[in-house]
Amino acid sequence: MKELTHWIDGEHVKGTSGRFADVFNPATGEVQAKCPMASAAETEAAIARAAAAQPKWGAMNPQRRARVMMAMVGLMNRDMDKLAVALSREHGKTLPDAKGDLQRGLEVIEYCIGAPQMLKGEFTDDAGPGIDMYSMRQPLGVVASIMPFNFPAMMPLWHVGPALACGNAVVLKPSERDPSVPMMLAELFVEAGLPKGVFQVVNGDKEAVDTLLDSPVIQGVSFVGSTPIAHYIYSRATANGKRAQCFGGAKNHMIVMPDADMDQAADALIGAGFGAAGERCMAVSVAVPVGNETADRLIEKLVPRVEKLRVAPYTDGNDVDFGPVVTRAAKERILGLINSGVEQGAKLVIDNRDFSLQGYENGFFVGPHLFDHVTPDMDIYKTEIFGPVLSVVRAGSYEEALGLAMDHEYGNGTAIFTRDGDTARDFAHRINIGMVGINVPIPVPLAYHTFGGWKKSMFGDLNQHGPDSFKFYTRTKTVTARWPSGLKEGGEFHFKAMD
Ligand code: NAD
């Protein structure tokens, strides 16, 4: 059995706690590796090594740090195929999806090449007589990133890239369910020229996380994962005086107006609802057609499309729509929620509860499910299912549809499909959700904008990537300076006319 390691000071280091988590091949259900779970002492040692490496890195000029990012882009592109296979093998997503995961992470590293521009301070000449004032952005020191399983490349890169570009050292705690790609990325960073020790990877669970949250050395905490844990991490990190940004779960609604192009809307729902087996924080899990006639037309378009979806392991070629979910526990939880939907009176239009794949009977596959007549009191509506399940909630009017999305506790992403500019504009302005798509089902902002939800999808105030990330990973210092000579006579700036 393959035993994974931690990554300390640019070297693979074996775990010493004696505790391990199983890493599965979700397609076969087999355990393919053992991931070490760091003890508090191992985590503290990694933090101390990061603290020792940070000052030199932080003092390096930003352009030199940016060159490491530039080299990293080249190395990730060189190893893209290898990284994608490693990612699919542990996560279960298809190869095109794995490449998308890597690509969206890579785009943030490309953005980080602009660090010298982003880190430029501000300067006021002659703020008073002979007085100048300037502000600079300085790294926090050592920061921690605690990441989810569903984007094992993109999520760490969104945090580690900007944190490093700003001059911090990072201790990354990847998901214990798919830890290999973060480790491969750490190796590539060293190959790209990152000094050893600036980026440590500690595998682990609550013990490692709590050690990071309580360490006086850790200055900032970035978390991405489920809402209850996001809330816990935010509370504990901030109680300990740290800066924190914690991104949580989602229940993304897509409103379909009667004037929408119904084929386009149905295609969008198939990709956004079932892609990556629904294991995306920007997945659309609720479709809200406005009016019964719209709902009937939408269901009519959705059914044949859902029936055609091909569920298979990533090794089965490029026409696979989605693969297995991440663990057996995830599969059982999803099937349990589907059963609750039936019991609570929703109409299961496409029922794949007995789905099984020949040759992969022990794999964690869940077939696609489509519910109609879902109501807001049902568990399948209130809960983030994080599986290939699309719920249709029929709304009588635009206001009712808008109200549904507004009243839901999550506020990550949403979309409206319509041809009417007034309605689209009204929706974008009034909705209390962080990321909005107009005829775009998964409105993930690009690297130079910022990504973040509202309500219980986000605790903290600065978003992921884009300008917010450079604010999150730096502190502002403002200097007011007066030199002894002060303002001497004749020291004023004179405009001399040219003749
Ligand atoms: P999770 O909350 O189970 O785990 C996330 C991280 O927290 C992991 O590293 C895990 O080891 C750690 N953790 C788990 N329990 C802990 C505990 N009790 N104490 C301390 N640490 C703990 O989430 P997941 O299942 O890996 O990821 C899926 C979730 O992430 C979904 O809810 C999804 O919506 C969300 N997500 C959100 C975003 C976003 O930007 N809002 C992006 C991706 C995923």
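Visitor: Which exposed residues sit on the face of helix 15 turned away from its buried side?
Guide: Asp422, Arg425 and His429. Exposed means over 50% relative accessible area, buried under 20%, partly exposed in between (1.4 Å probe, protein chains only). This is a predicted model: local features need pLDDT of at least 70, side-chain atom pairs 80 or more, while totals for chains, interfaces and linings use all residues. Numbering starts at 1 along each chain as its sequence is written, and side-chain values use heavy atoms, without hydrogens or water.

Visitor: And which residues of helix 15 are buried?
Guide: Thr423, Ala424 and Phe427, in a helix that spans residues 421–430. They share one side of helix 15, because their arc around the axis is only 100°. The arc is taken from axis-to-C-beta directions.

Visitor: What covers them?
Guide: The cover includes strand 13 (252–256), helix 14 (398–407), strand 19 (413–417) and strand 20 (435–438). Helices (H or I, at least four residues) and strands (E, at least two) are DSSP runs, numbered from the N terminus.

Visitor: What caps the N-terminal end of helix 15?
Guide: Aspartate 420. One of its side-chain oxygens lies 3.2 Å from the backbone nitrogen of aspartate 422.

Visitor: New topic. How many cavities of 30 Å³ or more are there?
Guide: Five. A cavity is a set of 1 Å grid points where a 1.4 Å probe fits but cannot get out; lining residues have an atom within 4 Å of a point.

Visitor: Which residues lie nearest the centre of the largest cavity?
Guide: Gly278, Ala283, Ser285, Glu384 and Phe386, out of 15 lining residues.

Visitor: What lines the second largest cavity?
Guide: Met155, Val224, Phe247, Gly248, Cys281, Asn412, Phe451, Gly452, Gly453 and Gln464.

Conventions:
Contact means heavy atoms within 4.5 Å. A polar contact is a pair of N or O atoms within 3.5 Å; within protein, one must be able to donate a hydrogen and the other to accept it, and residues adjacent in sequence count only if both atoms are side-chain atoms. On a 1 Å grid over the protein atoms alone, a cavity is a set of points where a 1.4 Å probe fits but cannot get out, and a pocket is an open set with protein on both sides within 12 Å along at least five of seven lines; lining residues have an atom within 4 Å of a point. Grid points are joined across faces, edges and corners, and a volume is the space filled by probe spheres set on the points.
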